[in-house]
Amino acid sequence: MAKYFGTDGFRGEANKTLTVDHAFKVGRFLGWYYSQNTEKCKIVIGKDTRRSSYMFEYALAAGITASGADAYLLHVTTTPSVAFVTKTDGFDCGIMISASHNPYYDNGIKVMNGKGEKLDDETIARIEEYIDGDPDSIPLAAGADIGRTVDYSAGRNRYIGFLISLATRSFKNMKVALDCSNGSASAIAKSVFEALGAETHVINNTPDGTNINNGCGSTHPEGLCRFVVEEGCDIGFAYDGDADRCFAVDENGRLINGDLILYICGKYLKNKGQLEKNTVVTTIMSNIGLYKAFDKEGILYEKTAVGDKYVYENMAQNGYKLGGEESGHIIFGKYASTGDGILTSLMIMEVVLEAKMSLSKLAEPVTVFPQLLRNIRVTDKNETMNDADVQEAVKKAETELGDNGRILVRGSGTEPVVRVMVEAQTDKLCEDYVISVLEVIKRKGYALER
């Protein structure tokens with residue numbers, strides 16, 4: 001397992017677990033690494049609205065230019081826009097500074113290759129080796145070889161144009177609400193929807209460096225749900241801090257999560273003969289109700305580990321074009337290599353307008369099973385999950401739930417925590433089976449909290 005980088009980059013609390021020194025070293029390594037096979041390496045950088053994003057932007061740019069590469073700054077923009085610009089404008093590498101849906105005091109460094117894809121494990125291992133190693137193992141550029149920093153806000157504008165070009169019909173007469181989470185979408189989403197003719201109402205689009213994701217956006221969509229009903233909107237969309245996630249809200253104020261979005265878009269593409277290999281890629285956290293709805297429609301599906309990185313890898317390896325997570329990372333492989341919240345909202349608008357149906361009607365066939373997730377802090381994640389009595393309790397629950405539910409027990413990737421999740425036909429069944437496993441974990445002495 002990587003020391004610094006997880007499934008979504010190097011993330012931590014700014015100036016504590018993720019420092020400017022880390023950022024400088026990452027930039028210095030990337031500038032040197034990608035300069036090996038090109039005359040002049042170009043790396044593009046985007047950032048979200050956190051106060052610390054400016055600090056990390058300058059540190060990364062300093063490291064890149066110190067190694068002789070050029071740093072191009074997109075300024076405040078979305079993660080998918082960095083992926084788009086990296087691929088289409090011939091950059092060797094792309095970097096997004098963001099901690100996605102985390103609080104403002106956290107931040108992260110997401111690195112992409114020249115195709116706009118998340119970096120491979122081998123290169124990540126080399127970055128980490130350099131961070132902990134001798135800083136002078138990579139030479140500093142001198143004289144005319146020192147890199148330069150270039151304003152590249154035009155790249156963000158080109159991405160906006162790309163999004164607008166994807167719409168197949170006008171949004172005129174549609175009243176749309178957008179929750180920009182005081183994050184990256186604040187710089188892009190309103191322009192796109194207004195250009196397409198929608199009556200656009202925006203909330204949480206006044207970032208101040210500390211209010212990103214604060215009681216708003218896809219992690220707190222309840223405000224948007226109320227706003228849609230109060231303002232009589234036809235539809236609403238909520239993004240996270242770096243706008244690679246999207247939740248929708250129907251005209252009744254009901255939340256339409258990633259699973260429901262996958263169903264709506266998957267069925268639409270299948271009916272148009274555009275669902276590649278008749279398959280949608282999901283993760284193991286998708287609701288059993290989604291799979292039952294797919295079965296009724298004759299749509300096949302894959303299940304990956306949690307993380308849009310794994311969803312995309314499965315899609316790329318098998319030629320699938322639609323995949324995503326319940327959390328709102330939706331990947332439309334025809335257009336993007338990463339989850340894209342604004343793109344997702346445009347695709348949903350296309351379905352609503354072509355079908356001439358409300359979002360609530362489109363989501364109606366999916367019966368979402370009640371779900372309960374409990375976390376328990378333990379002495380050792382692997383020892384807990386491999387315990388014979390714990391496994392027996394899990395198997396017993398699996399047998400009794402049968403085809404009408406499921407249980408999932410997995411360890412956290414970042415904490416000494418075991419997560420126990422149950423889906424069943426009633427809330428009481430969910431609670432009963434979760435408790436049955438937690439009690440065994442406690443009885444065997446693994447729990448740190450009683």
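The model described here is a predicted one.

## Helix α9 and its surroundings

Helix α9 comprises residues 288-297, and its buried residues are Ile288, Gly289, Leu290, Tyr291, Ala293 and Phe294. These buried residues pack against several elements, among them α8 (258-271), β13 (279-283) and β14 (300-304).

The N-terminal end of α9 is capped by Asn287, which places a side-chain oxygen 2.7 Å from the backbone nitrogen of Gly289. Following α9 comes Gly298, whose phi is positive, near 70°.

Lys47 has its place in strand β3 (residues 42-47). Is this residue, Lys47, buried or exposed? Its relative accessibility is 2%, so Lys47 counts as buried, the cut-off being under 20%.

Leaving aside residues up to four places away in sequence, Lys47 touches Ser53, Tyr54, Glu57, His75, Val76, Thr77, Met96, Ile97 and Ser184.

## Salt bridges

The structure holds 25 salt bridges. One of them joins Asp8 to Lys118, with the closest N and O atoms 2.9 Å apart. This pair links distant parts of the chain, 110 residues apart: Asp8 is in the loop between β1 (5-6) and β2 (9-13), while Lys118 is in the loop between β6 (106-112) and α4 (121-132). Asp8 is buried, with a relative accessible area of 15%, whereas Lys118 counts as partly exposed at 28% relative accessibility. Both residues belong to a network of salt bridges that links Asp8, Arg11, Lys110, Lys118, Asp242, Asp244 and Asp308.

Another salt bridge brings together the side chains of Glu13 and Lys16, at 3.6 Å from N to O. Here Glu13 is partly exposed, with a relative accessible area of 28%, and Lys16 is exposed, with a relative accessible area of 61%. A further salt bridge joins Lys309 and Asp121, with the closest N and O atoms 3.0 Å apart. It links distant parts of the chain, since Lys309 is in helix α10 (residues 308-318) and Asp121 in helix α4, 188 residues apart. Lys309 counts as buried at 10% relative accessibility, but Asp121 counts as exposed at 54%.

## Aromatic pairs

A search of the whole structure finds 18 aromatic pairs. Tyr72 and Tyr152 form an edge-to-face pair, 5.4 Å centre to centre with 90° between the planes. Tyr72 lies in strand β4 (residues 70-76) and Tyr152 in the loop between β7 (149-151) and α5 (153-166), so the pair ties together parts that are 80 residues apart in sequence. Tyr72 is buried, with a relative accessible area of 9%, and Tyr152 counts as buried at 17% relative accessibility.

Tyr291 and Tyr301 form a tilted pair, 4.6 Å centre to centre with 40° between the planes. This pair connects helix α9, which holds Tyr291, with strand β14, which holds Tyr301; the two residues are 10 residues apart. Tyr291 counts as buried at 5% relative accessibility, whereas Tyr301 counts as partly exposed at 28%. Elsewhere, ring pairs link Phe29, Trp32, Tyr33, Tyr34 and Tyr130 into a cluster.

Key. Residues are numbered from 1 along each chain as its sequence is written. Side-chain values use heavy atoms; hydrogens and water are left out. Buried means under 20% relative accessible area, exposed over 50%, partly exposed in between (1.4 Å probe, protein chains only). Helices (H or I, at least four residues) and strands (E, at least two) are DSSP runs, numbered from the N terminus. Contact means heavy atoms within 4.5 Å. A polar contact is a pair of N or O atoms within 3.5 Å; within protein, one must be able to donate a hydrogen and the other to accept it, and residues adjacent in sequence count only if both atoms are side-chain atoms. A salt bridge is a side-chain nitrogen of Lys or Arg within 4 Å of a carboxyl oxygen of Asp or Glu. Rings of Phe, Tyr and Trp (its six-membered ring) pair if their centres lie within 6.5 Å; planes under 30 degrees apart count as stacked, over 60 as edge-to-face and the rest as tilted.
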